[in-house]
Amino acid sequence: MKSAPILIVDDDPGVRHLLKEGLSAWDYQVVEAQDGLEAWEILKETPVTLVISDWMMPGMDGVELCRRIRSHPFPSYVYVVLLTAKSQKDDLLQGMEAGADDFMGKPFAMAELKAKLAAAKRILNLERSLEEKNAKLQDMYKKLSKTQDLLNKDIAAAAWIQQSLLPNSGAVYGFRFDSLFMPCKVIGGDIFNYFPVDRHHLAFYSLDVSGHGIPAAMLSVTVNKTITSMPFHEARFFSGSDGAEYSRSISPQSMANELNLLFQRTETVEQYFTMVYGIVDRRNGNIILTQAGHPYPILIPDHGKARLLGSGGLPVGLLPDAEFTEDLYRIEPGDRLFLYSDGITDCLDQEGNRFSQERLVNFLSEKRDLTLKDLMRRMGEELVHFRGDPNFEDDVSLMAMERFKE
């Protein structure tokens, strides 16, 4: 099998004949040109990867031929050997600057030429190997890009589903609700909700799944659907010590216990989640609240100082024998209650300072006269301004509930 053709360029027919004889004996295909102009036309039409050219020729010399070769986008590298009687350093530098790969003096020895061609073949084979690897990488890149496009579409669809599960701003049972949600990625592990559970009671919760991205979002959606699908219609009611009516099956403590059994960490699923879950009585504003490792809810009264609610507790799914407690509070007309994730309090600015719980409490207190809708907007702006970047390291969520004034 013949090797790739070699183009020999020389205005001396005797030199071309000598080169052709030797190259043919070494099993090379040979293409001839008598000057640089003819060689250039051949190069544009013939797949040549190795050129042996004289330096001094009429019309177009070897140096100019090198320059044209290097400026043209040939599909493969063209290796150029210049034949020259020149030996001055400046002349050789001129040839190298033009793009020559090697030089051979005139008169030349065929043994020297054979050695130079062997070196050229090694370089060309390396270049060809790199081309093949680059082609494979390009093919892999195209496939990965296609896969990434499909994945982005799936993530966007998942984000839409997750967003659709979040509650809209609204009012129910004498309470007004609004919220802020800024995931650190397209989808996140924070989720919150509120809904009536019977004719007098309203449930509300906020949870934050450990980790970020798709796994956290999948678990948050699953927990959300589990909570909202509990059989509340089978609830049995009892009277508390304060005379209010409560439901045993929907008590926050019971909910935390049930979820802890359902969503225990395993070797394959190591996620857990923090949560605040509460039930409020529309008739008197009594709230039963369970805190499971989640940040303390903030109560901003219509008059008076802000308070932190809850009694701590372990995250849900962390330990199978975790115990959860309930606390009783009252939200008066005009009061506001805020549930939030640690993506707010742990938000860092460019110097590494935390936004902090204290700063959040102060902000919510100072902006007490704003409507909930305006307050959520200002909260988002405040966090972006504090961080100095609209991208967050953790999901940011905040849900607000306000009891109507009578």
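User: Where is Asn 168 found?
Analyst: Asn 168 sits in the loop between α5 (110-165) and β6 (170-172). Helices (H or I, at least four residues) and strands (E, at least two) are DSSP runs, numbered from the N terminus. This is a predicted model, in which local features need pLDDT of at least 70 and side-chain atom pairs count only at pLDDT 80 or more, while totals for chains, interfaces and linings use all residues. Residues are numbered from 1 along each chain as its sequence is written, and side-chain values use heavy atoms, with hydrogens and water left out.

User: Why is Asn 168 called exposed?
Analyst: Buried means under 20% relative accessible area, exposed means over 50%, and partly exposed is in between (1.4 Å probe, protein chains only). Asn 168 has 65% relative accessibility, so Asn 168 counts as exposed.

User: What makes Leu 299 buried?
Analyst: Its relative accessibility is 5%, therefore Leu 299 counts as buried. Leu 299 belongs to strand β14 (residues 298-300).

User: Which residues does Leu 299 contact, leaving aside neighbours within four places in sequence?
Analyst: Contact means heavy atoms within 4.5 Å. On that basis Leu 299 is in contact with Lys 305, Ala 306, Arg 307, Leu 309, Arg 330, Ile 331, Asp 335, Arg 336 and Leu 337. For Leu 309, the C-alpha to C-alpha distance from Leu 299 is 7.0 Å, at 10 residues apart in sequence.

User: Why is Leu 92 called partly exposed?
Analyst: Leu 92 has 28% relative accessibility, so Leu 92 counts as partly exposed. Leu 92 lies in helix α4 (residues 89-98). Its C-alpha atom is 9.8 Å from that of Leu 82, 10 residues apart along the chain.

User: What makes Asp 27 and Tyr 173 stand out in phi?
Analyst: Most residues other than glycine have a negative phi, and most peptide bonds are trans. Phi of Asp 27 is positive, near 70°. Phi of Tyr 173 is positive too, near 55°. Asp 27 lies in the loop between α1 (13-25) and β2 (30-33). Tyr 173 is in the loop between β6 and β7 (175-182). At 33% relative accessibility, Asp 27 is partly exposed. Tyr 173, at 21%, is partly exposed.

User: What is the peptide bond from Lys 106 to Pro 107, cis or trans?
Analyst: That bond is cis, with omega near -10°. Pro 107 is placed in the loop between β5 (102-105) and α5.

User: How do you know how the protein chain compares with a compact globule?
Analyst: The radius of gyration is taken over C-alpha atoms, and the globule rule is 2.2 Å times the number of residues to the power 0.38. A compact globule of 406 residues would have a value near 22 Å, but the protein chain has 39 Å. Its C-alpha trace spans about 120 × 45 × 30 Å along the principal axes. The protein chain holds 10 helices and 18 strands. Buried residues make up 47% of the 406.

User: What share of contacts joins residues at least 24 apart?
Analyst: The share is 68%, among contacts in the protein chain between residues at least 6 apart in sequence.

User: How do you know how confident the predictor is?
Analyst: pLDDT is the predictor's confidence in each residue, from 0 to 100. The mean for the protein chain is 86, and 92% of its residues reach 70 or more.
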